[in-house]
There are 2 protein chains.
Amino acid sequence: MGSSGPDWELWRTFDAVMREGSLSAAARALGLSQPTTGRHIAELEAALGADALFTRSARGLQPTVTAQALAPHAQAMAAAAAALTRTASAPTDAAAGVVRISASEVIGAEVLPSILAALRWSQPSLVFELLLTNASSDLLRRDADLAVRMTPPQQKALLAKPVGRIGLGLYAHRNYLARSGPLAKLEDLANHAVIGFDRDAAALRSFHAELALLPDFTLRTDNQLAQLAAVRAGFGVGVVQDPIAQRDPTLVPVLREAFVAHLDVWIVMHEDLRTTRRIRIAFDALVEGMSAHVRAGEA
Amino acid sequence: MGSSGPDWELWRTFDAVMREGSLSAAARALGLSQPTTGRHIAELEAALGADALFTRSARGLQPTVTAQALAPHAQAMAAAAAALTRTASAPTDAAAGVVRISASEVIGAEVLPSILAALRWSQPSLVFELLLTNASSDLLRRDADLAVRMTPPQQKALLAKPVGRIGLGLYAHRNYLARSGPLAKLEDLANHAVIGFDRDAAALRSFHAELALLPDFTLRTDNQLAQLAAVRAGFGVGVVQDPIAQRDPTLVPVLREAFVAHLDVWIVMHEDLRTTRRIRIAFDALVEGMSAHVRAGEA
DNA sequence: TCGACCCCATGCAATTTTGTATAGCAGACC
DNA sequence: GGTCTGCTATACAAAATTGCATGGGGTCGA
């Protein structure tokens, strides 16, 4: 019985069409010709039954409800295919090949570079890919090999190692403080420029718990790198990870007693990758590097 | 750039070869010819670089370390492909098509049948697949659409609904009790036939916590259906879910005060499937049916 | 030790899949 | 209103993939 579904290659085309929005664009992305992508989609539609996947138009293909329901699975398939080529990029027992790391934007921009630089110095054959997104992207969907996570490990299939706790505090640039009014009590914040989140529900909630009577933010953005940059530029007061703030002598902690929060940090990997040497090497390096980072913040 | 890895269809062949153990068997499973599968593997090996995936022998193909590292990703891909055909098996907005449900063996054999029977009565176009395994199989890997879980939801991408708590108790058949010695205190168990787990580490641990001084089991098996059958057959004393035991008047609860345990039950589904009507219908039916089951045990 | 069986590898013809070229259509912009 | 761009759909030839048949080699059991 070979009839267990269509040719997998058709799903790859489907995924590309969903992503690119038209047969022609998908053909370009895949390195195929436009008639071929069109035939692939036609073949899928024929194989799946009566209802069409797309409505054709001169402006491209618009996915039907069915196609929209299929899309996430196709993406999962694509992620697995990418993981396959990544894993095969070098022998399992070699300290070479591609390692794909998922982390938050702040960690990826402020902390990982030095860790990876050191690692590459000792392991010159490693190649890194960074997937920087705050929405903790799916290790389970194999979008990445390793991840730096701020939430406890959620899944048996994942191998997680805690590396400590990053303190969060309110900071401001000394130039800002020199020009602004007093900031000794939590209530003083009402007269200050406060940098915070815009719509990120999860982040807002977690900070609400810690900082119940926070005034309205003066600068709102969900991009934490922008928040950090704003604090450094002297715009106002914002939440900064202690170890990052302490590297910059111009940043001054404020309201140390009034605001306390922290992030528990984990390094996470797929259990499947346990035996792949380059992943293991990168895992260990991340554990060590992030541990050092966390300790630096405790000083 | 279309050169992002080999033809996906090759991975399907790879997965089949890993599963079946030989080119010929894989060819049979896929409905292809043996030369074709051989060529697929050869093409993969050529595409991935120097090191081979399999060592050829007259008894089949033996996977190398690299191939073993690739296998789980290929399985993930296969699961996603299966989910695609399943999802496409009927229009998204139809109360028809295949719904794949993961649950423990006991739930699948003792509880689900009546729930699904009732559901099928009101929705005759639904088709069900049961994946009965105690190792909570991966919803995230898209092995199933829905799951009945005894552990709290671990993943953001999953939509989980608690349906209550199933009590666990020690039970024995009345015929057994009529012939055996007294059973009033926990210590009396030493003189009884006790049915329990064999090697299932997780299960053993969870029961050790509840029943510290449990004697050595007289009948050991990790198959919980066999445990249940043994209790029903009057072999001895075993742990049974209250709602299941109470349906059978010949089963008598014993040591009610000494042993108390419970399982929190959740119905879990992929967030991706939220908009697929048949999955939603089955989800709601499972929530209602399992809630009723749980309540039945509280009587 | 022989035979039966299952396995992989290879040559060749048929089929399938793909690409090229082209036509037709809808919207954007001057 | 005309032109330009981007899209899909179709005809036909080239290329690639597949299946069939067959050969060679190893393992198991009588």
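The model is predicted, so local features need pLDDT of at least 70 and side-chain atom pairs count only at pLDDT 80 or more, while totals for chains, interfaces and linings use all residues. Residues are numbered from 1 along each chain as its sequence is written, chains are lettered from A and ligands numbered from 1 in the order in which they are written, and side-chain values use heavy atoms, with hydrogens and water left out.

We may begin with the DNA. DNA strand C is surrounded by 19 residues, the closest being A:T36, A:R39, B:L23, B:S24 and B:L61; a residue is near a strand if one of its heavy atoms lies within 4 Å of it. By class, this surface holds 7 nonpolar, 8 polar and 4 charged residues (Ala, Val, Leu, Ile, Met, Phe, Trp, Tyr, Cys and Pro count as nonpolar, Asp, Glu, Lys and Arg as charged, and the others, Gly among them, as polar). At least two residues each come from α3 (34-48) of chain A and from α2 (23-30), α3 (34-48), β1 (54-57) and β2 (60-63) of chain B, and α3(A) gives the largest share, 4 residues. Helices (H or I, at least four residues) and strands (E, at least two) are DSSP runs, numbered from the N terminus.

Sugar or phosphate accounts for 65% of the atoms of DNA strand C within 4 Å of the protein, and bases for the rest.

Turning to helix packing, the axes of α1 (residues 8-20) of chain A and α1 (residues 8-20) of chain B come within 6 Å and cross at roughly 140 degrees. Axes are lines fitted to C-alpha atoms, for helices over the stretch in contact, and angles run from 0 to 180 degrees between N-to-C directions. The two helices are therefore oblique to each other. Their contact (heavy atoms within 4.5 Å) is made by A:W8, A:E9, A:W11 and A:R12 with B:W8, B:E9, B:W11 and B:R12, a set of 4 nonpolar, no polar and 4 charged residues.

Within chain A, the axes of α1(A) and α4 (residues 65-87) come within 9 Å and cross at roughly 115 degrees. These helices are therefore roughly perpendicular to each other; angles under 35 degrees count as roughly parallel, over 145 as roughly antiparallel, 65 to 115 as roughly perpendicular and the rest as oblique.
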